[in-house]
Amino acid sequence: MSDEKPDPRSSRRRFMALAGLGLAACQGGPEGPVADGGPRRLGGTISPYSERSKYETSARFMPAVKTPEEASSRTPLHEAQGAITPASLHFERHHSGIPDIDPADHELLVHGLIDRPTVFTMKDLKRLPSVSVTRFIECSGNGSTEWKLPSAPTAQLSHGLASCSEWTGVPLRLVLEELGMKPEARWIIAEGADACRMARSLPLEKVMDDALLAYAQNGEALRPAQGYPLRLLSPGWEGNVNVKWLHILKLTDQPYMTRDETSKYTDLMADGKARQFTFLMDAKSLITSPSGGQTLDDLGFVEIRGLAWSGRGLIERVEVSIDDGETWADAELEGPRHPKAFTRFKLPWNWDGSAATLISRATDETGYVQPSVDELTAVRGLQSNYHNNSQKSWTIGADGSVSNV
Amino acid sequence: MYKVILLSAVCSFSLLAQSPTYHVGRAATADDIARRDISIAPDGKGLPVGEGTAAEGAVIYESRCRECHGPEGEGADEAGFIGKPSELVGDSPNKTVGSYWPYATTLWDYINRAMPFDRPGELSEDQVYAVVAYLLHLNRIVGENDKLNAETLPAIKMPNRDGFISDPRPDAP
């Protein structure tokens with residue numbers, strides 16, 4: 001009976017062998033003799049968790065510091081291949097090291113001005129209705145090298161304290177409405193379970209709008225460096241209020257004036273007064289290619305590529321200048337666009353071999369236009385350090401080298 | 001019959017679970033909160049019993065703070081502590097406890113939660129009060145033998161208390 005039927009596997013095998021020959025003939029390569037059709041070695045096996053190709057080397061920038069537990073690493077934005085940052089390359093800013101937390105032991109305490117103070121396990125939180133959103137996180141110190149003179153040689157060093165991911169978790173609004181807020185509640189203090197128990201105060205209005213208790217990033221559990229097993233996501237607001245390793249939320253009638261919201265992430269103006277609770281990250285854009293440290297090897301077609309984002313919502317427009325701001329052209333925005341997320345932009349260009357200065361400027365859905373650094377410093381002086389969202393230029397020499405001038 | 005079983009199952013869950021719609025979480029006990037909550041409000045709410053003086057704090061500073069912050073709060077690898085609000089203008093503003101920090105409670109809260117860097121949480125309540133007193137004394141804000149505690153600490157008005165303004169953005173162009 002069985003030998004009356006053609007074996008489907010044998011015919012499939014023949015087809016695959018033919019297809020394989022064709023592929024080898026096209027690709028060549030050290031493992032596959034091409035012209036003589038000889039035998040080929042097998043490739044790698046399936047595996048439980050993928051590593052990237054050994055030929056790829058893109059990496060976070062690691063500063064040489066005495067205390068790497070209290071430091072930041074920077075995303076290689078100059079090598080970004082899309083709007084999403086791989087979790088493995090997401091920038092880091094830690095204050096007392098990355099804690100090792102067993103999710104089975106991790107609890108979130110929600111207390112203070114709330115009707116039903118509650119302890120949640122991670123299992124509890126994962127049972128609640130969930131959402132996934134694509135949002136950037138950016139340290140408010142991103143771009144701080146560029147206030148006085150353009151000084152960081154690459155886009156990674158000037159702007160690498162920003163990354164973008166898809167985050168999954170529970171809307172904090174849902175949890176707070178479940179537990180019943182007292183009418184006098186105005187602020188929420190979020191604390192992490194790292195060694196320094198870093199804490200920040202957030203207006204309740206913000207967390208009721210769009211904060212997320214996030215337990216996943218880009219389709220898998222958060223990485224330890226990103227707050228495993230739970231972080232607060234405060235979309236569009238400075239990185240420091242996206243508290244990692246979140247374990248306590250306390251509702252209060254006032255901000256608690258923690259160190260990071262008084263002596264640290266406040267913006268000193270020229271008159272000696274400092275702006276406080278400067279949470280929002282304003283619209284920003286960055287040409288990632290060609291950018292500082294890269295080289296144009298060939299005359300002719302160049303796709304100018306970059307990223308734009310705004311803490312106020314969607315990116316509506318990105319303009320690019322190739323003549324140091326004399327004239328501007330609209331770049332193509334790549335969809336789908338998400339509010340408070342990286343949006344890719346692209347502009348085809350024909351490089352004729354002469355020197356050129358490239359600049360981009362973003363406009364968000366509120367009509368806010370990314371300012372020049374002169375416009376920002378005219379208002380804020382040179383000591384505010386944080387929230388430099390000014391336009392960034394790169395200069396291309398006649399030899400094709402790209403630098404930050 | 002099915003409805004009855006379902007209803008009783010929901011009711012028995014409700015007894016254990018806190019959230020009325022989704023029936024997850026457990027009621028936080030007073031002990032849960034007392035064990036975990038270390039937050040200190042600027043009005044002093046949350047400050048524990050205990051006290052310390054600058055004279056006591058100087059001894060602790062020598063052994064646990066000086067290595068990173070320099071002798072007598074002058075600064076080394078890490079920030080110094082001494083200054084006045086008038087030093088916040090110019091090309092190299094001096095942002096310190098004395099010149100910049102608006103609340104003394106913040107100093108207590110931060111040292112208690114985050115210092116010493118290599119062993120945060122190591123200091124006792126009395127020791128935190130004493131180190132805070134020492135840093136304030138270096139800035140001539142308290143006397144060497146003034147006792148800092150839950151009553152006296154929040155009563156201190158730091159020199160730069162009124163140095164902060166709200167965020168006016170969008171501000172440029």
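Modeller: A residue counts as buried if 20 or more other C-beta atoms lie within 10 Å of its own, as exposed if 12 or fewer do, and as partly exposed in between; C-beta atoms are placed from the backbone. This is a predicted model, where local features need pLDDT of at least 70, side-chain atom pairs count only at pLDDT 80 or more, and totals for chains, interfaces and linings use all residues. Residues are numbered from 1 along each chain as its sequence is written, and chains are lettered from A in the order in which they are written.

Colleague: Why is A:Arg197 called buried?

Modeller: A:Arg197 has 22 other C-beta atoms within 10 Å. The cut-off is 20 or more, so the residue is buried.

Colleague: What makes A:Asn385 partly exposed?

Modeller: A:Asn385 has 19 other C-beta atoms within 10 Å. Buried needs 20 or more and exposed needs 12 or fewer, so A:Asn385 falls in between.

Colleague: What is phi at A:Arg197 and at A:Asn385?

Modeller: Phi is near 45° at A:Arg197 and near 65° at A:Asn385. Both values are positive in a residue other than glycine. Most residues other than glycine have a negative phi. A:Arg197 sits in the loop between strands E7 (187–192) and E8 (199–203) of chain A. A:Asn385 is in the loop between helix H6 (373–380) and strand E22 (392–396) of chain A. Helices (H or I, at least four residues) and strands (E, at least two) are DSSP runs, numbered from the N terminus.

Colleague: How do you know that chain B is more spread out than a compact globule?

Modeller: Chain B has six helices and two strands, in the order α-β-α-α-α-α-α-β. Its radius of gyration is 23 Å, well over the 16 Å that the globule rule gives for 173 residues, so chain B is more spread out than a compact globule. The radius is taken over C-alpha atoms, and the rule is 2.2 Å times the number of residues to the power 0.38.

Colleague: Why are H3(B) and H6(B) called roughly perpendicular?

Modeller: The axes of H3 (residues 54–64) and H6 (residues 125–138) of chain B cross at roughly 100° and come within 7 Å. Roughly perpendicular covers 65 to 115 degrees (under 35 is roughly parallel, over 145 roughly antiparallel, the rest oblique), so H3(B) is roughly perpendicular to H6(B). Axes are lines fitted to C-alpha atoms, for helices over the stretch in contact, and angles run from 0 to 180 degrees between N-to-C directions.
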